[in-house]
Amino acid sequence: RGLMASFVQSDTYQNLVVHGIAPDGTVDWPYAGIVRALREAADALAVDGWVLLDDAVSWIVERHTEQVPEKYGCRSWPQVLHESRLFRLEYRDDATGRKHAWFSLKSAPH
């Protein structure tokens, strides 16, 4: 029991079960904690199925501080969206001409 309790409290276990990161560093994207956080943010913030990425990141930072791109081997949030292959990403101009990243969930395959 002691060994099992020790393993369950280890970073390796937490990374695998909670974050979807295998010991070799590969990410099981559909089960990754950062993907769950992005889905939660999308559920809370989406308008017509799309979410401003900056708003989602702010939402995640407030609720899931441990979910950061670097934990998953990514340099940025857009890279997380791309690497997971679970989201659509597009850039839209605002009224001032500045580009902003927006994302939506891809439909599940039938």
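Touching, or contact, here means heavy atoms within 4.5 Å. A word about what you're looking at: this is a predicted model, where local features need pLDDT of at least 70 and side-chain atom pairs count only at pLDDT 80 or more, while totals for chains, interfaces and linings use all residues. Residues are numbered from 1 along each chain as its sequence is written, and side-chain values use heavy atoms, with hydrogens and water left out.

Now step back to the whole chain. The protein has five helices and three strands, and from the N terminus on they run α-α-α-β-α-α-β-β. Helices (H or I, at least four residues) and strands (E, at least two) are DSSP runs, numbered from the N terminus. Taken along the principal axes, the C-alpha atoms fill a box of roughly 60 × 35 × 25 Å. Of the 110 residues, 34% are buried; buried means under 20% relative accessible area, exposed means over 50%, and partly exposed is in between, using a 1.4 Å probe and protein chains only. Among contacts between residues at least 6 apart in sequence, 44% join residues at least 24 apart.

What about the inside? In soluble globular proteins, nonpolar side chains tend to be buried together. The largest nonpolar core in this model has 25 residues, and W29, I34, L38 and F103 have the most contacts inside it. Such a core is a set of buried Ala, Val, Leu, Ile, Met, Phe, Trp, Tyr and Cys residues joined through side-chain atoms within 4.5 Å. The elements that give two or more residues to this core are helix 3, helix 4 (53-63), helix 5 and strand 3 (99-105). Helix 3 supplies the largest share, six residues.

How do helix 3 and helix 5 pack? They meet at an angle of about 105°, with their axes 11 Å apart. The axes are lines fitted to C-alpha atoms, for helices over the stretch in contact, and angles run from 0 to 180 degrees between N-to-C directions. The two helices are therefore roughly perpendicular to each other. For these labels, under 35 degrees is roughly parallel, over 145 is roughly antiparallel, 65 to 115 is roughly perpendicular, and the rest is oblique. I34, V35 and L38 make the contact from helix 3, and W77, V80, L81 and S84 from helix 5. By class, that contact has six nonpolar, one polar and no charged residues. (Ala, Val, Leu, Ile, Met, Phe, Trp, Tyr, Cys and Pro count as nonpolar, Asp, Glu, Lys and Arg as charged, and the others, Gly among them, as polar.)

A41 is also in helix 3, and A41 is buried, with a relative accessible area of 0%. Leaving aside neighbours within four places in sequence, A41 is in contact with A46, A56, W59 and I60. A41 and V51 are ten residues apart in sequence, with their C-alpha atoms 8.2 Å apart in space.

Next, the aromatic rings. A search of the whole structure finds two aromatic pairs. Rings of Phe, Tyr and Trp (its six-membered ring) pair if their centres lie within 6.5 Å; planes under 30 degrees apart count as stacked, over 60 as edge-to-face, and the rest as tilted. The rings of W29 and Y72 have centres 6.0 Å apart and planes at 35°, so this pair is tilted. This pair links distant parts of the chain, 43 residues apart: W29 is in the loop between helix 2 (11-18) and helix 3, and Y72 is in the loop between helix 4 and helix 5. W29 is buried at 12% relative accessible area, and Y72 is buried at 5%. For F87 and F103, the ring centres are 5.6 Å apart and the planes stand at 85°, so the pair is edge-to-face. F87 lies in strand 2 and F103 in strand 3, so the pair ties together parts that are 16 residues apart in sequence. F87 is buried at 5% relative accessibility, and F103 is buried at 0%.

Finally, visit two loops. D48 is found between helix 3 (33-45) and strand 1 (51-52), and D48 has a positive phi of about 55° although it is not a glycine. D48 is exposed, with a relative accessible area of 78%. R85 lies in the loop between helix 5 (77-84) and strand 2 (87-93). Phi of R85 is also positive, near 60°, in a residue other than glycine, and R85 counts as exposed at 56% relative accessibility.
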